[in-house]
Amino acid sequence: MSLVTLREILRDTRQKKYAVPAFNFNGYEDAQGMINSALKMRSPIILMASMGAVKYIGLKQTAGMIRGMAEMVDIPVCLHLDHGTDMALLKEAVVAGFTSVMIDASKENFEKNIETTRKVVDYAGKFGCSVEAELGKIGGREEHIVADSAESALTDPAIVPEFVEKTNVDALAVAVGTAHGFYKSTPKLDFGRLEDIVGLTGCPLVLHGGTGVPEEDFKKCIRIGMSKINVGTEFKAAYAGAIRDAVGNYKKDELDPRTYLKHVKEICEKIADKKIKLFGADGKA
């Protein structure tokens, strides 16, 4: 089927108490493994490309590849540009066929964040593309996104309704204690803050920094009302690990690169299986 928007794929998540898995991919093998898992589990799925990934693969190539995968399955697939900070690249992604983009203006002050986000929403809307924004600062490191967790500001629930109303975003990433990358210690999520935010807006909420969050914390976030959960670092580490392991397991005269790369597809599918079930998205396609 055709790619769907973020607005479409998140529509009934809060009501039915599940979160749509949003997985960062870096090439064909991991993306196909994720799709294979979602098809098998009958789950909707959001495939996310970072700015670094699209610069490596190519913007149009990325859109064409994922569009082709989506057309071969009968489950909802959304193609999302993650953490977009370059306005020109955001616009190119919309034109290229991404059905969702994230504008990350969280480093700006509240008014500037609204202004920048609104510009992206207005532009993307002309192409039927959804927009995710971020309010608050999510800590950690993810490619070009770097924030000191100690200095990161959690989302203030009081300003959420104004932000959503003035920007008309389709989804909102909130900072409630998670961080990008691997955690040095178990993260402490502010569930009370999340409950306050959910009570103030019907806008679908997004949890970034999903690698290493305890399973029970995921489940609680979803019960409260989280609609989209991002996982990136875990897949990236698995991708690299699968190649390293494969190289060590075959004879040096093995020349077919697919012999090595098939392991990336397989390990990413297994990880996706677990996340989809954990997020309650299985059977929701």
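1. A word on terms before we look around: axes here are lines fitted to C-alpha atoms, for helices over the stretch in contact, and angles run from 0 to 180 degrees between N-to-C directions. Helices (H or I, at least four residues) and strands (E, at least two) are DSSP runs, numbered from the N terminus.

2. Please keep in mind that this is a predicted model, in which local features need pLDDT of at least 70, side-chain atom pairs count only at pLDDT 80 or more, and totals for chains, interfaces and linings use all residues. Residues are numbered from 1 along each chain as its sequence is written, and side-chain values use heavy atoms, with hydrogens and water left out.

3. Start with the closed barrel: its eight strands follow the order S1-S2-S3-S4-S5-S8-S10-S11 and pair in parallel (two strands pair if DSSP finds at least two bridges between them). From one strand to the next, the twist averages 25°.

4. Leu207 has Ile229 of S11 as its bridge partner.

5. Next, find helix H7 (residues 110-125), which lies across strands S4 (100-103) and S5 (130-135) and runs at about 170° to S5. Contact means heavy atoms within 4.5 Å.

6. Finally, the axes of H3 (residues 28-41) and H5 (residues 59-71) come within 11 Å and cross at roughly 25°. That makes the two helices roughly parallel (angles under 35 degrees count as such). Tyr28, Ala31, Gln32 and Ile35 of H3 meet Met65, Ile66 and Met69 of H5.

Technical notes:
Angles under 35 degrees count as roughly parallel, over 145 as roughly antiparallel, 65 to 115 as roughly perpendicular and the rest as oblique.
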